[in-house]
Amino acid sequence: MRIVGLAVCFFATFTFGMIRKFTPLSALAASLILFGHIVPVAAGTNPFVTIVPGDTARSVLLFHSADPTFPLIPETAESDSSTTSVQSTGGATFATAPPPVSYTKKHKITAGQVFEYAVPSLMITYGILSTESPWLRGLDYSTRDELIEDNSMLYNRLDNYLQFSPAVAAFTMKIAGVKSTHNFRQMLVLYAISNLVETGVVYTMKNTVPRLRPDGAATNSFPSGHTATAFVAAEFLHQEYKHKSVWISVGGYAMASLIGASRIYNNRHWISDVITGAGIGILSTKLVYLAFRRAFDSSCEKRPKTQQALVLPTYSNGMLGAHFSYLF
């Protein structure tokens, strides 16, 4: 019966080695090693999985050996943290997995990133100050008066549709096969959330800071919603394709700036409304992308391929068992 049990262990080990994509020679060698050294487990010992907690790693009892010094894995003079270490104590051999590898990505803030967030923040600050500063408010009136005096008012409704054009360009490029920073589904989610954040901020400010429009039509002039939406789309295009060409970002921001200018020329907004709306659109999108990177990018990193499982069969008093080690 003992011979039959050892034979089953032999073929089980060989089969496991082939499943784990070892070479046939390596699988055969592992089976022969176990066949020559595994003996019945001591009486009173569970022949199945035995968990032995370790300080820094997962440890499991693999087998009892007739020779306590016999290692499952040959020991070397220098320890390698990427391999499994073996410890022998009182005839019991333990395999200790290496400490789990941390894949947390460290995010360092650079001067360029500070500048990127400082610019839209200053634009929003300018708009807020214009609600209380007579000098800044005077710039709104003087700009409007200059446009009226020069008969430069251009009434059109193109800004109602062109405000989305940078985003349309981004999705069109994605469909055409141009590689973007994120996949199509992630792009949809990021753009939708960015618009939700921007809309919430704009709606709140419009109802908190009543300001008469230049044409006197309503008191919800501050800030410009069209401009905010246009700059959300421009920043979205920039985030997805800035690695391709700087001119893609320039084109998106140029279109958004045209939308903001048209709101002034249409006599629908003051210049401070437009500046504030642009800042809100840019900052909202940047913050959404930042949150997405912090939440998901480190978990999406490609991890190195490692052998994470080790299974060894056991035989004791006519009973077959297995010891299992899994690194996670």
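These are my notebook entries on what I looked up in this predicted model.

**Overview**

I began with the chain as a whole. I find 10 helices and six strands. Of the 328 residues, 38% count as buried. For the accessible surface I get about 18,900 Å², and 65% of that belongs to carbon and sulfur atoms. I also looked at contacts with a separation of 6 or more: residues 24 or more positions apart account for 70% of them.

**The nonpolar core**

Next I went to the largest nonpolar core, which has 15 residues. Ala170, Met187, Tyr191, Phe236 and Tyr241 are the ones with the most contacts inside it. Which helices supply at least two residues each? I noted α6 (165-175), α7 (184-208), α8 (225-241) and α10 (271-297). The helix that gives the most is α8, with five residues. A general reminder to myself: in soluble globular proteins, nonpolar side chains tend to be buried together.

I then picked out Tyr241 and listed its contacts, leaving aside neighbours within four places in sequence. The list has Ala170, Met173, Lys174, Val178, Lys179, Ser180, Met187 and Ile248. Two names on it, Ala170 and Met187, I had already written down among the core residues with the most contacts.

**Helix α6**

Ala170 took me to α6, where I find it buried along with Pro166, Ala167 and Phe171. Seen down the helix axis, the buried residues of α6 fall within an arc of 135°, so I put them down as lining one face. I checked what covers them, and the cover includes α5 (159-162), α7, α8 and α9 (246-265). After α6 comes Gly177, and I note its positive phi, near 100°.

**A nonpolar patch**

I find a nonpolar patch of about 260 Å², made by Val189, Ile193, Val197 and Val201. I looked up Ile193 in particular and found it in helix α7. Ile193 counts as partly exposed because its relative accessibility is 38%, and the buried class needs under 20%.

**Salt bridges**

The structure holds eight salt bridges. I went through some of them.

Arg211 and Asp140: their side chains meet at 3.8 Å, N to O. The pair links distant parts of the chain, with Arg211 in the loop between α7 and α8 and Asp140 in helix α4 (residues 134-149), 71 residues apart. Are the two partners buried or exposed? Arg211 is buried at 5% relative accessibility, and Asp140 is buried at 1%. I also see that Arg137, Asp140, Arg211 and Asp273 are linked in a network of salt bridges.

Glu235 and Lys286: I get 3.1 Å, N to O, for this bridge. Glu235 lies in helix α8 and Lys286 in helix α10, so the pair ties together parts that are 51 residues apart in sequence. I marked both Glu235 and Lys286 as buried.

Arg144 and Asp145: this bridge comes out at 3.2 Å, N to O. Arg144 counts as buried at 18% relative accessibility, whereas Asp145 is partly exposed at 39%. I checked Arg144 against the cut-off: buried means under 20%, so 18% qualifies.

Where is the cis peptide bond? I find it joining Phe222 and Pro223, with omega about -10°. Pro223 sits in the loop between α7 and α8, where I had already placed Arg211.

The other place is Asn267, which has a positive phi of about 65° although it is not a glycine. I find Asn267 in the loop between α9 and α10.

How values were computed: Residues numbered from 1 in each chain as written. Predicted model: local features only at pLDDT ≥ 70, side-chain atom pairs only at ≥ 80, totals over all residues. Heavy atoms only, no water. Core = buried A, V, L, I, M, F, W, Y, C linked by side-chain atoms within 4.5 Å. Buried < 20%, exposed > 50% of the residue type's maximum accessible area, 1.4 Å probe, protein only. Helix = DSSP H or I, 4+ residues; strand = E, 2+ residues; numbered from the N terminus. Contact = heavy atoms within 4.5 Å. Arc of directions from axis to C-beta. Patch = residues over 30% accessible without salt bridge, like charges linked within 9 Å, V, L, I, M, F, W, Y side chains within 5 Å. Areas by Shrake-Rupley, 256 points an atom, 1.4 Å probe, with all protein chains shown as cover. Salt bridge = Lys/Arg side-chain N within 4 Å of Asp/Glu carboxyl O.
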